[in-house]
Structures are given as C-alpha cells and as structure tokens.
Amino acid sequence: MYVLSLVDGNLLVTFCFCMVAVMVNGFACKDPKAVQVTDFFLAGLHMPGNTSNPVGSQVKPVNVSQIPGLNTLGISLARIDFAPWGVNPQHMHPRATEILTVIEGSLEVGFITSNLENRLITKVLQKGDVFVFPVNLVHFQRNTGSCNAVAIVALSSQNPGVITIANAVFGSNPDIANDLLAKSFQTDTKTIDWLQSKF
Ligand SMILES: *[C@@H]1O[C@H](CO)[C@@H](O)[C@H](O)[C@H]1NC(C)=O
Ligand SMILES: *[C@@H]1O[C@H](CO)[C@@H](O)[C@H](O)[C@H]1NC(C)=O
C-alpha cells in the first residue's frame, strides 16, 4: 500500500491506493490510474431526510462508504434531519470525535462523561451554534422547536462507526437473555420483553 500525493495549486491531496487489491480499514484501495473524480464526490446533501419514523430523525452519512476517496483521510460528515421533537437516540462513535453545527431550527444536545461520574453535559443550541461530542462518549440530540431542524456534523474518521445504545442492548441478534437484562437494569423480564419487542 502506498499513499499518493497530488499537488494541485495550493492543494495537497493524498489518498489511499495500491497496485494490488489491498484493504485498509476494511475498504479497498484503488489503483491510482483507476481513480476518478467520482471517488471524491457526492451530490444531494441539500435534500431533507425522511423523518417519518418512530424517533423522528434521519442521519444521512457521508463516509468512506459513499466517498471511496475518503479512505485513510480521517474525516467524514453527516446531515441530520429532525421532525419537531424528533430525537437522534443515545449513541457513540468508537473512532471519532464529532462537531455539530445547527443550520436550521434549535436542538437540545448532550453527552455523558464516563463511569467516573456519569455527568451529563447538555445545552440547547440555536441556528449557527456549534457543539462537540468527544470520541467514544454516549451522546444524543433532540429538536425542541415546532419546526424541522437540520444539523451538519463532521467526524474525525472516514469510518467513525456507530453504536446505538438501545439497538445494541435491546435489539441484538440473537437477543440477550431477558433475565440477564432484567438483573442488569434492575427491572422485571416483562419490561425487558416489551423493550426487546421495540428494537
Ligand atoms: C418516508 O418514510 C415513510 C415510512 O417508511 C414512508 O411511508 C414514506 O413514503 C416516506 N416518504 C418519502 C417522501 O419517501
Ligand atoms: C457510513 O455509511 C454507511 C452506508 O450508508 C452507514 O451504514 C454507516 O452507518 C455510516 N457510518 C456512520 C458512522 O455513520
């Protein structure tokens, strides 16, 4: 595997390529002769996401899956649309810090520090406000307005990964035993069965 550098005016572009099929971070490197402008391009991020779902939000990721040229570059982004009172549920990115800008509406955002104190750091953001979610911490956003809200987030990895807490714990495949979860959450198996039926 080699990294190719292109100098274009003031712009230095490096990207991942190789002579044979090699995978980096699970994504194929390209033969530099086969690299096309489309490897660095995506259209359509002005289009709102469909928020008609139980949580009332939609994330449109722009990562190495959509833009192959991002591989190894350590950056990606996403557009997040929120219906009124829509939530982007508690989740974490194992490989990325996230920086969010509200471009429409207002959002209540927050993250929780580690088990040392499990402190909630939270704020209501208005259009133009910027907020940081440190790598690996559980975080969330909610639209607190009566209009749609839109945020653009940047992430410090081309492949940030995402673990949504409720989906992982209550929606695993196969299910975690309900009595095990009941003891973990200090509740009864009926409550766990009900939660598992939602995810
Ligand atoms: C949005 O998603 C809902 C639920 O999946 C679906 O019924 C609806 O047709 C979608 N709307 C658009 C504009 O795609
Ligand atoms: C990257 O994009 C893929 C394909 O759309 C998506 O499944 C994945 O969740 C995205 N990763 C993140 C961290 O958003």
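Among contacts in the protein between residues at least 6 apart in sequence, what share joins residues at least 24 apart? The figure is 65%, where a contact means heavy atoms within 4.5 Å.

Before I continue, a word on conventions. This is a predicted model, in which local features need pLDDT of at least 70 and side-chain atom pairs count only at pLDDT 80 or more, while totals for chains, interfaces and linings use all residues. Residues are numbered from 1 along each chain as its sequence is written, chains are lettered from A and ligands numbered from 1 in the order in which they are written, and side-chain values use heavy atoms, with hydrogens and water left out.

I begin with the overall architecture. The protein has three helices and 14 strands; these are DSSP runs numbered from the N terminus, with helices being H or I of at least four residues and strands E of at least two. Of the 199 residues, 32% are buried, where buried means under 20% relative accessible area, exposed over 50%, and partly exposed in between, with a 1.4 Å probe and protein chains only. The accessible surface comes to about 11600 Å², and 60% of that belongs to carbon and sulfur atoms; such areas come from the Shrake-Rupley method with a 1.4 Å probe, and for residues only the protein chains shown count as cover.

The largest nonpolar core has 17 residues, and Leu100 and Leu107 touch the most other members. A nonpolar core here is a set of buried Ala, Val, Leu, Ile, Met, Phe, Trp, Tyr and Cys residues joined through side-chain atoms within 4.5 Å. Strands β6 (76–82), β8 (98–104), β9 (107–112), β11 (130–133) and β13 (149–155) each give two or more residues to this core, and β13 gives the most, with four. Leaving aside neighbours within four places in sequence, the contacts of leucine 107 include Phe82, Leu100, Val102 and Ala151.

Two buried polar side chains deserve attention. Arginine 79 lies in strand β6 and counts as buried because its relative accessibility is 8%. Its side chain has a polar atom 2.9 Å from the backbone oxygen of leucine 45, and the side chain also makes a polar contact with that of aspartate 81 at 2.7 Å. A polar contact is a pair of N or O atoms within 3.5 Å; within protein, one must be able to donate a hydrogen and the other to accept it, and residues adjacent in sequence count only if both atoms are side-chain atoms. The C-alpha atoms of arginine 79 and isoleucine 152 are 4.7 Å apart, although 73 residues separate them along the chain.

Histidine 91, in strand β7 (residues 87–92), is buried at 4% relative accessible area. A polar atom of the histidine 91 side chain lies 2.7 Å from the backbone oxygen of proline 89.

I turn now to ligand 2. Around it are Pro61, Asn63, Ser65, Gln66, Pro160 and Gly161, each with a heavy atom within 4 Å. Oxygen atoms of ligand 2 lie 2.5 Å from an N or O atom in the side chain of asparagine 63 and 2.6 Å from a polar side-chain atom of glutamine 66. Taken alone, ligand 2 exposes 360 Å², of which the protein buries 61%.

Finally, the backbone. The peptide bond from asparagine 173 to proline 174 is cis, with omega near -5 degrees, and proline 174 is in the loop between α1 (165–170) and α2 (178–184).
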